Amino acid sequence: MKSLIDLARYTALAVCATSAVFATAGACEQSWWWWTVAVPTLGLTALGVWDIVQRRHAILRNYPLLGHARFMLESIRPELQQYFVERNFDGRPYDRAVRDVVYQRAKGIEAKTAFGTERDIYAEGHEFLAPSMAPRRVHEMPPTVLVGGPDCTQPYAMSLLNISAMSFGALSANAILALNKGAQGRFAHDTGEGGISEYHLRHGGDLIWQIGTGYFGCRTPEGDFDADAFAVKARHRNVKCVLLKLSQGAKPGLGGLLPGAKVDTEIAEIRGVPPGRTVASPPHHRAFSTPRELIRFIAHMRNLAEGKPIGIKLCVGDRVQVLALCKAMLAEGVSPDFIVVDGSEGGTGAAPLEFADELGMPLTEGLMTVHNALVGTGLRSRIRIGASGKIATGGDIVKRLAQGADFTNAARAMMFALGCIQARACHTNACPVGVATQDTRRARALHVTEKADRVRRYQAATVRSAQHIIAAMGLDSPEQLHPRMLRRRLGASGEIRSYADLYQWLDEEQLLNDPPVSWRGDWHAADPDRFTA
């Protein structure tokens, strides 16, 4: 094949040029109909000549005209891969089978399969939940988790599955409206760090107001935290919790990025930034620089919010830093009401490939690190843990609860419920279904009422699926889940071990009394007055 292409390097140009000469001659001497051939061939000939003389693309200089076929095929490669090459279970980031489950539940169709699983259940790393010989009855009411520690005066009943952080700006106005309308009175909607817009408030859905390093919605002109502006918005009746973002799974250590093409006048006003410019949040907070200062800042925010739950969100990198935070909580006698652990497999609208691929702990390790650190320091009973990162099915929820979480958040799955097709064009402002764009012509394709119903149906069906799985495991409630109920197949030997055996799980206050050898070095290195060891 390659030799044939090499042989035809200039053949296409030669054919076009020859055809152009004869067609032009025919048009001049015989009939104007020849111009229908002459004009296209003259155009292709000119293009071929330009390919040879231009200096930008070497492939076009060597393969005039033919080289354009390569660029054309490359431009539609993701679509060819997704629709014609991928199997149901090997797509990334979400495979076809998982996307179909979300689509079906969003449409109100039972997500069922026939003829058995397509996955290799004997493969190394395969995980499964342990069913019981004595399954339980499924409760009618979906379970909730009460979020609010001893310093919280307005606790919030959190659903097992909520909408994870997605800002207005990253998402279109219609997408935000549909998400909030779908969540109305049923589960929580995280605003993302882009601030609270009118689209978050129009339908009255419960909000988790996320604040990042840019302090959008509560920032001074210089970019610092504005306590007065924060207090006004945090006390809004729709805001049920406040979440302070330290880092994000897909790009830990890197501030949020909103391309300038999406920063119109409306978004600029909401965020307090100049329109038309790319918005890059700083990688670090200006309001604090040590674990102790962070804990004091959380207490300050809680007071300003009149006792509403205050949480932090992070992608875990170093266990020493988590332990330093725990020591600061103990020293100050103050703690957040909840911690959302974001795994490195989490999504984002825009991030450097190296950050998405190579930084941060995956959700499994990060979640268990935070859970064990809180248990070992005696803080777990006052702090709820949320898990965020590729949550899409009832099985995903149950696995994360067994690993130490109290509730879960999903972003991309909620986008699927809105109609997202995983085109992965979120950063281009050219989302084909109007979800991740500020192009009003594209966004108008997203019908708010219809998509809100899809979000509501998907969330309810997925939580219901988790309830069925929990009942099949012989349990009455999510609180009874235990690491021993989640199993993994190891290596070529086929050995199966539970999470209770695979990982070390600390006892209550064990770090305070007698730290195990595997934790002792990190525990002693942790300092409440610095994040580094």
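A disulfide is taken here as a pair of cysteine sulfur atoms within 2.5 Å. The model is predicted, so local features need pLDDT of at least 70 and side-chain atom pairs count only at pLDDT 80 or more, while totals for chains, interfaces and linings use all residues. Residues are numbered from 1 along each chain as its sequence is written, and side-chain values use heavy atoms, with hydrogens and water left out.

View A. A search of the whole structure finds 0 disulfides. Cysteine 152 counts as buried at 11% relative accessibility, and cysteine 431 is buried at 9% (buried: under 20% relative accessible area; exposed: over 50%; partly exposed: in between; 1.4 Å probe, protein chains only).

**View B. Helix H10 (residues 227-234) and its buried residues.** Helices (H or I, at least four residues) and strands (E, at least two) are DSSP runs numbered from the N terminus. Phe230, Ala231 and Ala234 are the buried residues of H10. They lie on the same side of H10 because they cover an arc of only 100° around the axis, the arc being that of the directions from the helix axis to the C-beta atoms. Asp228 and Val232, on the other side, are exposed. The buried residues pack against strand S6 (207-211), strand S7 (239-245) and helix H12 (291-304) (contact: heavy atoms within 4.5 Å).

**View C. The second largest pocket, with about 530 Å³ of space.** On a 1 Å grid over the protein atoms alone, a pocket is an open set of points with protein on both sides within 12 Å along at least five of seven lines, a cavity is a set where a 1.4 Å probe fits but cannot get out, and lining residues have an atom within 4 Å of a point. Grid points are joined across faces, edges and corners, and a volume is the space filled by probe spheres set on the points. Of the 22 lining residues, Leu246, Ser247, Pro283, Gln321 and Phe531 are the closest to the pocket centre. Helix H13 (residues 319-332) gives the largest share of the lining, 3 residues.

**View D. The second largest cavity, of about 50 Å³.** The count comes to 2 cavities of 30 Å³ or more. Ile312, Leu314, Val322, Leu325, Cys326, Met329, Ile339, Val370 and Leu374 line the second largest cavity. Strand S10 (310-314), H13 and helix H15 (363-376) each give two or more residues to this lining, and H13 gives the most, with 4.
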